[in-house]
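Hello,

Here is the structure I promised to pass on to you. Please open it beside this email and follow along as you read.

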Amino acid sequence: MSRRALPFRTPGDEAVKAQQWVLVVDGEGFELPEALPDWDYQMSLHLRNEVHVDLDAVHASTGLTPDAKLSLVVVWTATGSGLRGTAQRVPLSGEGAHTVELDVELSGTQLGGLLTLDTQLVLAESRETGAIASPRRGGSVLWTHTRTLYLQGDAPQFPIAVVDFEATQLPTDSAWHVQLSEELNTATMGALLLLVNERKKPVVTAFQNAASPRPIDKVYLAAAYADIARTMIEHALADPDFNHDSEYAEDSLGATLQSLLENLFPHMSVQHLRQRREQSPNLFATEIQAAVSIFEEA
Amino acid sequence: MSRLYPRLLSWHAKSLYADYRELGLPELTARHDTTHLSAVFVATGGDRVGAPELAELRAKVVALATEAGYPGEPDQSARSRFDLALARMLHGEMGLVPAEAASGDVWAFLSLVLLPDVAYWRYPGPPRDRVQASDITRHVFGRLWWRAHLVHDPSEQDPHSALTILGEAAFDQIYARRRALGGSPYLVKAILRVWGGLDRGGANEREVLRDFLKRLLRLAPFMCFEAMEDRHLDAELSRAAHESVQAVQAKKQQEHTLAAV
């Protein structure tokens, strides 16, 4: 559960409790993973959850009365499409404890990138009167539970195109190329494209098998991952305006690069990394290999 | 079934943009194509669009442009009519899914390979974001698809009828605040409903809209607009919109008073 400083009273942790999201495939439920590596736009998501709401405790802590109309809603946001929408809305009012069954179906065509599911208890409509500091405006968020899910994980974190490099300006014998936008505020899904040379059949096969790679595929993917990470880090450090403190939109390439650096080099400033790269580029390249744990899985 | 469109890689887009700088419309027409050697498709997610379908799409866009005076210079009214008709057509017929439509390279292919003549007719001597799609909210075609997508309501007889409620500049104010407001078709449609029925009492439209959107941005951190049913959301938005009208009128009144002193 996440908390924000809100201009009204909110219920405590004991009043609303969510279970873990379950992914339903062919009628069978599985614990929702952190990422779905083989997801694409044609795959819709069927998800279930259960939320326990003690309305008496909610009323006691917020100053609302039993006639207040509340809703438990699931709101999704997808960075790949930049869209947000409501997946389910369940009205709640009265007294006592309630267990709400959430059952949502998200169309794959609206999704992509990082999917965020916010389950929220909200005041469904505005109230003219109420106790001091109790919520008044319709839509006021009383409680939130957030879960994220990477759609397309492992190797294909961003769009991949298999193309004959002969038809491009890229060296014909190279295996892959990461296209990165210079505009770091551009949405990540539109700003990144991994091109794989169709002439390099073993590499193409490795990417095609990324969801369930064979041992040989793992070797190719590990080499590609290390090189792609290095390319992205170099891209970030080459931009003089790039910094951990730079403000980029949540779904932007700049934010993705900030996250990558924080994951690979936690507690190191961008300035420090820039210096290491300038002073000893060879050693820095090797440090990136270590940071991504190259060939560890292979 | 979603459709995958060819993507024009950014260095080719830059190169074509440079090549087209000095070209007139007839030369751009001669340069148009349904394929490009370096165009790529992403690996999964739908069926690839072929050359015959791209040719058909081009014919439809050219027909709409011709109705608006192409290749002659269009006036403001003709440009608006063209944009509205094109928004409906692109969104209704391309079969794009939002995640695919978020890619600038898809739109760069349309403006620099398939329809360079129409793109440069609509925006003569365009800045690069109009055709290279470095910012989709400004792309000659991409912004129209997204504008249509955000207002699309399949339950209406005309699913794109809300396109006419706000002018382009006004809609851009919402779309520019995409992260907080413009990413939610549900909220955008509610904003348009409320705006369409708002009595501005003579207050300047642009100023009222700007103030209205500022108020919504201030509410966004502790309110979930999508959580409310239509009528309750409309009531909250109407309240904010009326506060904006009053604020703009009060400001104008204050300016008059100061000017009189």
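Let's begin with one residue: is S212(A) buried or exposed? S212(A) is exposed, because its relative accessible area is 59%, where buried means under 20%, exposed means over 50% and partly exposed lies in between, all with a 1.4 Å probe and protein chains only. You will find S212(A) in the loop between helix 3 (201-208) and helix 4 (215-238) of chain A. From S212(A) to E198(A) is 14 residues in sequence and 20 Å in space, C-alpha to C-alpha.

Before going further, some ground rules. This is a predicted model, in which local features need pLDDT of at least 70 and side-chain atom pairs count only at pLDDT 80 or more, while totals for chains, interfaces and linings use all residues. Residues are numbered from 1 along each chain as its sequence is written, chains are lettered from A and ligands numbered from 1 in the order in which they are written, and side-chain values use heavy atoms, with hydrogens and water left out.

Chain A as a whole

Chain A has 7 helices and 13 strands; helices (H or I, at least four residues) and strands (E, at least two) are DSSP runs, numbered from the N terminus. Along the principal axes, its C-alpha atoms fill a box of roughly 70 × 45 × 30 Å. Of the 298 residues in chain A, 49% are buried. Among the contacts (heavy atoms within 4.5 Å) in chain A with a separation of 6 or more, 69% join residues 24 or more positions apart.

The open sheet

Strands of a sheet pair through backbone hydrogen bonds, either parallel or antiparallel. In chain A, 5 strands form an open sheet with mixed pairing, in the order 4-10-9-6-7; two strands count as paired if DSSP finds at least two bridges between them. Strand 4 (35-36) and strand 7 of chain A each have a single partner strand, so one side of each is left without a neighbour in the sheet.

Strand 6 and strand 7 of chain A pair in the antiparallel sense over 9 bridges. Here A78(A) has L83(A) as its bridge partner, and V73(A) stands opposite R89(A). The hairpin of these two strands has 4 residues between them, and G82(A) takes a positive phi near 75 degrees there. Strand 6 of chain A is also joined to strand 9 of chain A by 9 bridges, again antiparallel, and L72(A) stands opposite L121(A) in strand 9.

Where chain A meets chain B

How many residues does each chain give to the contact? Chain A gives 48 residues and chain B gives 53 residues. About 4,000 Å² is buried between chain A and chain B, with carbon and sulfur atoms giving 53% of that area; buried area is the accessible area (1.4 Å probe) that two parts lose on being put together, summed over both. Y41(A), R84(A) and R137(A) supply 19% of the area that chain A buries against chain B, more than any other three residues.

There are 3 salt bridges between the two chains, a salt bridge being a side-chain nitrogen of Lys or Arg within 4 Å of a carboxyl oxygen of Asp or Glu. R137(A) and E236(B) meet in a salt bridge through their side chains, at 3.2 Å from N to O.

Enjoy exploring!
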